[in-house]
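Hi everyone, and thanks for coming along. I'd like to walk you through a structure that may be new to you, so please have a look at it before I go on.

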Amino acid sequence: MHFSSCLCTLLVALVYQVSAMDTVIGLYGETVEVPCNNGAPKPKDLFITKWKYDNGDLLTQLKDQDASVIATDKYKDRVSMAENSSLLIAAASLKDEKTFTCMVVAGADISEYPVKLLIHKAPTGVEITALAAELEIGKPTQLGQCSAPDANPAANITWFKNKKHLVADGKGIIISSKVKVDEVTGLTTTSSTLQYTAEKGDTDALFTCGALNALSSPVSFTVTYPTERVSLHVISKGPLMEGDNVTLKCKADGNPLPTSFNFHIQKRVVKVENSDSYTVTDVTRDSTGEYKCSIIDNAKMEDSKNITINYLDMSLSPSGKVMKSTGESLALNLQTDASGELRVSWTKDNGKLDKIPKFDKLTYSDSGKYEVVVTMGALIKKASFELVVEGIPVIRRLAKQRGEDGQHKVLTCEAEGSPKPTVAWSVNGTSADESPYVNGKISHKLTIVPTVNLTVVCTVSNELGQDTRAINVSTLFEEVRMDKQGSSDDSDTTKLVVGVIVGLLLATVVVGLAYWLYLKKSKQGSWKTGEKEDGSTEESKKLEEKIEEKLEENSQKVEV
């Protein structure tokens with residue numbers, strides 16, 4: 001009792017100071033720290049520290065002693081003092097939102113530091129409820145309601161579309177909010193309703209709402225709108241050919257998509273339900289034309305496509321195996337009918353031909369397999385025939401020559417014919433060599449060593465007939481003798497020719513000399529007798545003509 005009286009007397013004698021009020025925010029349900037004098041260090045002459053609030057004292061602490069709780073109400077078991085003289089309040093609630101005062105007695109001063117405590121709480125979660133079943137373009141629809149419960153202060157809710165802030169405009173976007181306070185906890189629940197007018201681009205759009213740092217899960221909506229455009233598609237891997245199946249697919253941009261369509265197939269209408277496709281099977285060139293599709297409930301909503309069915313017809317005459325004789329003609333007849341530009345190519349025995357084959361007069365070389373290929377884009381048609389040119393074999397050449405070693409003779413028999421001729425000789429040889437049979441031609445060589453003069457016969461034959469030719473072959477000894485005799489005869493002949501030429505030249509000289517003497521004598525006689533020169537001149541001319549004829553004749557003989 002005496003201590004209290006002295007303390008009171010002491011306090012009266014001290015200077016009383018009150019600082020400006022600070023504000024501290026604590027979290028709901030957590031331990032809140034309320035600083036004394038903004039957490040400034042304790043004064044050196046500190047005597048006592050006391051915390052109080054409007055309804056009474058909470059606790060005190062004398063210098064160098066532990067703090068004593070003097071509260072008797074709800075704070076009795078919830079308050080304590082930190083080392084730095086801060087007030088600690090456990091399990092903070094909204095009822096703790098009040099002003100707490102820290103009183104410090106140091107030396108001759110009494111200082112009070114009031115602190116206003118605010119309790120904040122984030123919403124327990126943010127979610128969108130009461131979702132619309134679907135959104136219709138151009139029609140205002142309540143999209144949903146966003147709630148942020150158990151918060152303090154009341155949460156501000158923001159709406160987002162594809163992470164972009166939605167701002168109310170009073171037309172396409174209308175946002176209304178309300179706050180409800182829990183009577184027990186004092187916490188608030190904020191509800192925000194979004195009324196939205198959808199656009200076509202809102203298909204698959206994601207809507208979210210958020211409060212403070214909390215964000216709801218995104219939600220999307222089915223956006224419905226009527227069909228505005230229909231398109232017809234022709235499903236094909238390439239140009240359409242006769243015999244193909246053509247699938248028509250009708251697409252619409254409405255949502256939900258139409259499930260039934262009308263397909264206009266060459267003046268007839270085919271109704272297809274629960275599908276957007278129709279297949280025309282085994283098309284022909286007559287299937288070429290305009291095709292349409294439309295939605296059933298609006299025939300004007302349609303699209304069309306022109307479809308061309310490509311075709312290629314070809315016929316070739318002759319065909320198969322064609323048998324002909326040499327010298328005959330063969331007419332080719334290629335007929336084509338197509339829906340586009342054609343390219344024609346010919347081959348013979350797989351070798352490309354530069355031009356269309358023409359057979360006015362057949363030869364053995366014309367035999368072979370001919371193929372024509374007609375193409376139009378991806379369409380290809382082929383036709384072929386095999387030409388066989390036949391003929392009775394004919395020997396074109398029968399020849400002989402001495403072998404390279406001079407000890408034998410080689411006989412060659414060359415023939416033409418088809419089928420392939422068989423070659424036979426009237427004598428046996430030491431070796432036979434037959435060339436390949438090409439274009440109806442064959443060559444057969446026989447090597448022999450004749451000991452006597454022979455007449456050798458070559459016979460060529462096939463199923464159509466035969467041909468025979470003979471050749472004289474002398475012995476090797478006879479040929480050597482004839483070669484020597486031929487050399488002697490040639491020498492004598494040369495000598496004779498030279499003698500004849502010399503004789504003719506001498507005769508020409510004699511005739512010329514006689515003519516000269518005659519002319520000289522004639523001129524002398526005329527000078528003496530005084531005869532007219534005309535007669536002698538005429539005779540001279542005749543004589544000159546005779547001499548010239550003689551000279552010409554001799555010249556011809558010399559040439560021979």
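Let me start with one term: a disulfide here is a pair of cysteine sulfur atoms within 2.5 Å. In general, a disulfide is a covalent bond between the sulfur atoms of two cysteines.

A word on the source. This is a predicted model, in which local features need pLDDT of at least 70 and side-chain atom pairs count only at pLDDT 80 or more, while totals for chains, interfaces and linings use all residues. Residues are numbered from 1 along each chain as its sequence is written, and side-chain values use heavy atoms, with hydrogens and water left out.

So, how many disulfides does the rule give? The count comes to four. Counting bonded cysteines along the chain, they follow the pattern 1-2, 3-4, 5-6, 7-8.

Let's take cysteine 36 and cysteine 102, which are joined with a sulfur-to-sulfur distance of 2.0 Å. The link of cysteine 36 and cysteine 102 is left-handed, with -75 degrees about the S-S bond. Cysteine 36 sits in the loop between E3 and E4 and cysteine 102 in strand E9, so this pair ties together parts that are 66 residues apart in sequence. Those labels come from DSSP runs, numbered from the N terminus: helices are H or I with at least four residues, and strands are E with at least two. Cysteine 36 and cysteine 102 are both buried. Buried means under 20% relative accessible area, exposed means over 50%, and partly exposed lies in between, using a 1.4 Å probe and protein chains only.

Next come cysteine 146 and cysteine 209, with their sulfur atoms 1.9 Å apart. Which hand does the link of cysteine 146 and cysteine 209 have? It is right-handed, with 80 degrees about the S-S bond. Cysteine 146 belongs to strand E13 (residues 140–151) and cysteine 209 to strand E18 (residues 207–211), so parts 63 residues apart in sequence are tied together. Both cysteine 146 and cysteine 209 are buried.

Further along, cysteine 413 is joined to cysteine 458, S to S 2.1 Å. The torsion about the S-S bond of cysteine 413 and cysteine 458 is about -90 degrees, so that disulfide is left-handed. Cysteine 413 is in strand E35 (residues 409–418) and cysteine 458 in strand E39 (residues 454–462), distant parts of the chain that lie 45 residues apart.

Now for the cores. A nonpolar core is a set of buried Ala, Val, Leu, Ile, Met, Phe, Trp, Tyr and Cys residues joined through side-chain atoms within 4.5 Å. The largest one has 25 residues, and Trp51, Leu58, Leu87 and Phe100 have the most contacts inside it. Among the elements that give two or more residues to this core are strand E4 (46–53), strand E9 (99–106) and strand E10 (109–120). E10 supplies the largest share, four residues.

Contact means heavy atoms within 4.5 Å. Setting aside neighbours within four places in sequence, phenylalanine 100 is in contact with residues including Trp51, Tyr53, Leu58, Tyr75 and Leu87. Is phenylalanine 100 buried or exposed? Phenylalanine 100 is buried, at a relative accessible area of 0%.

That brings us to aromatic pairs. Rings of Phe, Tyr and Trp (its six-membered ring) pair if their centres lie within 6.5 Å; planes under 30 degrees apart count as stacked, over 60 as edge-to-face and the rest as tilted. A search of the whole structure finds eight aromatic pairs. One of them, tyrosine 53 with phenylalanine 100, is tilted, at 6.1 Å centre to centre and 40 degrees between the planes. Tyrosine 53 lies in strand E4 and phenylalanine 100 in strand E9, so the pair ties together parts 47 residues apart in sequence. Ring pairs link Tyr53, Tyr75 and Phe100 into a cluster.

For another pair, look at tyrosine 196 and phenylalanine 207: their ring centres are 5.3 Å apart and their planes at 70 degrees, so this pair is edge-to-face. Tyrosine 196 is buried at 4% relative accessible area, and phenylalanine 207 is buried at 1%.

That's my tour, and I'm happy to take questions.
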